Amino acid sequence: MEALKEQVEEKKKLIATLRNKPWRMKRRLVLLKEAQEFVEKFEGALGKGKGRKLYAYKVMMAKKLIKFKRDFENFKTACIPWERKIKDVESHFGSSVASYFIFLRWMYGLNMVLFGLMFGLVVLPEILMGLPYGSIPRKTVPREEQETAMDFTVLNDFGGYIKYSFLFYGYFNNDRRIGLLQFRLPLSYLLVGVGIFGYSLMVVIRTMARNANEGGDGAEEGEFTFSWKMFTSWDYLIGNPETADNKYASITTSFKESIVDEQENQKDENIHLRRFLRVLANVLITCSLGGSGYLIYFVVKRSQDFAKMEKENLSWLEKNEVEFVMSLLGLVCPPLFETIAELEDYHPRIALKWQLGRIFALFLGNLYTFLFALFDEVNEQLETEKSIKNATDWAFEQYYTNYSSHYNTTDVPPLNVHPADVIRGPCWEDAVGIGFVKLIVSDMQVTYLTILIGDFARAVIVRFLNYCWCWDLEAGFPSYGEFDISGNVLGLIFNQGMIWMGAFYAPGLVGLNVLRLLSSMYYQCWAVMCCNVPHERVFKASRSNNFYMGLLLLVLFLSLLPVIYTIMTVSPSFDCGPFSGQGKMYDVIMETIEQDLPPFLANIFTYATNPGLILPAVLLMVLAIYYLNAVSKGYQNANLDLRKKMKMARDEEKNRRNNKDSTNEVMKDLEDLLPNKSLIPPPVEEEPPPDVIVDKGAKSPKIKPGAAARGVNLQKDVSLAAPNPRAPVTRAPGPRRGPPGNARGPQPGRGRGRGGHPSR
């Protein structure tokens, strides 16, 4: 039984270490099959008596648990959406292009959560528990618009029935509680609108922290790059020919990436000419950014003049001039920046970051210019709302006064007016929401048309007209297109920024963005595999996507500012939206604290909102951030020092094994000051040979003259002093009879060597 148990353990050990054996695959498979059959046959027979079945049961359950864990991991991997598509893209275009699609997938997951929050806590309660369509003016199309409410041109401008639906802010009622559940819709609307930013901030920061941990694993990237890629890149579990082709393409692309990195590291250039060209490129790009910002501001101001005119007298271009110009700038400026960036001649990865930063500045300037011009229009609409509200209040007062005086009664019935005939204000929140929805839709249309015309049609022309053309269309103009990483990434980030800003004014915008991202994944994956070719300068992406996440975090912060400004400063419309009737939007929270919470909790919130407590709390957080940052830098420096020490110890071990000189610079300097080989540790003492005379109480034996072992340097190997010229060695060493121990040569003179006492 003991022998059988030992054989089972040996077979288990063989199964566990079979991958490390330098055997052929055929031999590995045969031995693996034999070992598994042996373990299956005899492992359950090791129990004794009644414990035999229990042991067999435990072994069976342990194996089933292992199989379940493996199958569950495979299931989790299979549930990752679009994993195979992204792997195909990565194998043919490199990790830089695949990083865009990974980022797109991450954005889709984030927007799914935001859609669940907005739809589940705002839209769905209003649909199920709120008043139906046509019951109140804000949920009814005005009488003068009903004839054209279903026209395509009206619906295309998000007017008519779309404007008075749950897609926009104005549809929601301002009742504090709705339905049987007494759901507080205005409070939920405000908390969800702000909670979207809070959740997004938490997810972005958490993702950045996880990427930083994944990127900083301490691996040595610069050592033996091509050797590692040559001998460890292939996956021997591949059995599908198509997958093998993809893996071959992936390895080839990986070698190209590493070669480009090595070439960039060894580049020698004229530094003065390069600096001049880079300054010139930045001046040209700055002029382009200023011109695009002025053009956006001019177009928005002009559109406000068009808004005061009759729509029948305006052309399609005049109606959609703002969206058209912003989309056109987003289409034209990135290629222009890329052309100017050729003057700088940066490494592809550094050039990509500069390109992303410039397009980021372009989109940010355009967006904030659009917002500033839009808030001018909001101020004009607020003045119009005030005049309409005053006129409405005056009309109601006249009605009550005339009725009470005519019928001589104070019991005046409410005015019976159909909701479609009620005079209403412009509802500036709906106007802002419609503006953001138009931007999103126009950006989506321009993106898809650009791919269809600029990539697909171009690829068709190059593919089918290359055989009958005057020059080589593939190698020359127009050639196949390359995937624009920087333009697509920045477009995705700023599209998300517009979603964050516009979701407060248009709750349906998040659902629209989910559909956009879903269609973009399939459409762009098809386009990049069908119409594009890999970049001429292939490079690998960073080990983390924190650069993308950093841009996204900045856009999130900049998107939060306009929303917080409107919540805290701008008065809401008086006849639309869940905050109508309030002085400011945040008054909903104060009203809830005063009416629905106990007095002591109200006092706590009042004290917590005191600036005298907020400012010290902010100062404390700043100090905590500074302290944690300092601690983090200290840990980073300690990690670098430990890494250097580990490398030094590893090099010392290699050199000791290969009998080479030390690579430690300190030890080299010390050895230069001392005699040769003086820092070599003394050999281990063993039994002295017969010629050795040992003194009792001495630390080292005394050797007879002429009895040193062969090949032993009696002075250089032992003494730290210089060689003794008074006692030269005049005879050959004797035959080797044993280890030399700490034998010493002839005694040095006074003041030299280690002294004359034998115990030394």
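Which side chain meets that of D421 in a salt bridge? In this predicted model, the partner is R143, with a distance of 2.9 Å from N to O. The two residues belong to distant parts of the chain, 278 residues apart. D421 lies in the loop between α13 (348–407) and α14 (428–465), while R143 lies in the loop between α5 (95–129) and α6 (152–156). D421 has a relative accessibility of 40% and therefore counts as partly exposed. R143 is likewise partly exposed, with a relative accessible area of 39%.

A search of the whole structure finds 10 salt bridges. Among them is the pair formed by the side chains of R176 and E591, at 3.5 Å from N to O.

R177 is found in the loop between α6 and α7, and D596 in helix α18. These residues are 419 residues apart, and the pair again connects distant parts of the chain. R177 has a relative accessible area of 33%, which means that it is partly exposed. D596, at 25% relative accessibility, counts as partly exposed as well. Through salt bridges that share partners, R176, R177, R184, E591 and D596 are joined into one network.

Helix packing was examined for one pair of helices. Two packed helices are described by the angle between their axes and the distance between the axes. For helix α15 (residues 485–502) and helix α17 (residues 546–568), the axes come within 9 Å and cross at roughly 30°. Because angles under 35 degrees count as roughly parallel, α15 is roughly parallel to α17. The crossing of these two helices is right-handed.

On the α15 side, the contact is made by I485, V489, L490, I493, F494, Q496, G497, W500 and M501. These residues meet Y548, L551, L552, V555, L556, S559, P562 and V563 in α17. By class, the contact of α15 with α17 has 14 nonpolar and 3 polar residues, and no charged residues.

Methods
Residues are numbered from 1 along each chain as its sequence is written. This is a predicted model: local features need pLDDT of at least 70, side-chain atom pairs count only at pLDDT 80 or more; totals for chains, interfaces and linings use all residues. Side-chain values use heavy atoms; hydrogens and water are left out. Axes are lines fitted to C-alpha atoms, for helices over the stretch in contact, and angles run from 0 to 180 degrees between N-to-C directions. Helices (H or I, at least four residues) and strands (E, at least two) are DSSP runs, numbered from the N terminus. Angles under 35 degrees count as roughly parallel, over 145 as roughly antiparallel, 65 to 115 as roughly perpendicular and the rest as oblique. A crossing is left-handed if the near helix is turned anticlockwise from the far one by less than a right angle, and right-handed if clockwise. Contact means heavy atoms within 4.5 Å. Ala, Val, Leu, Ile, Met, Phe, Trp, Tyr, Cys and Pro count as nonpolar, Asp, Glu, Lys and Arg as charged, and the others, Gly among them, as polar. A salt bridge is a side-chain nitrogen of Lys or Arg within 4 Å of a carboxyl oxygen of Asp or Glu. Buried means under 20% relative accessible area, exposed over 50%, partly exposed in between (1.4 Å probe, protein chains only).
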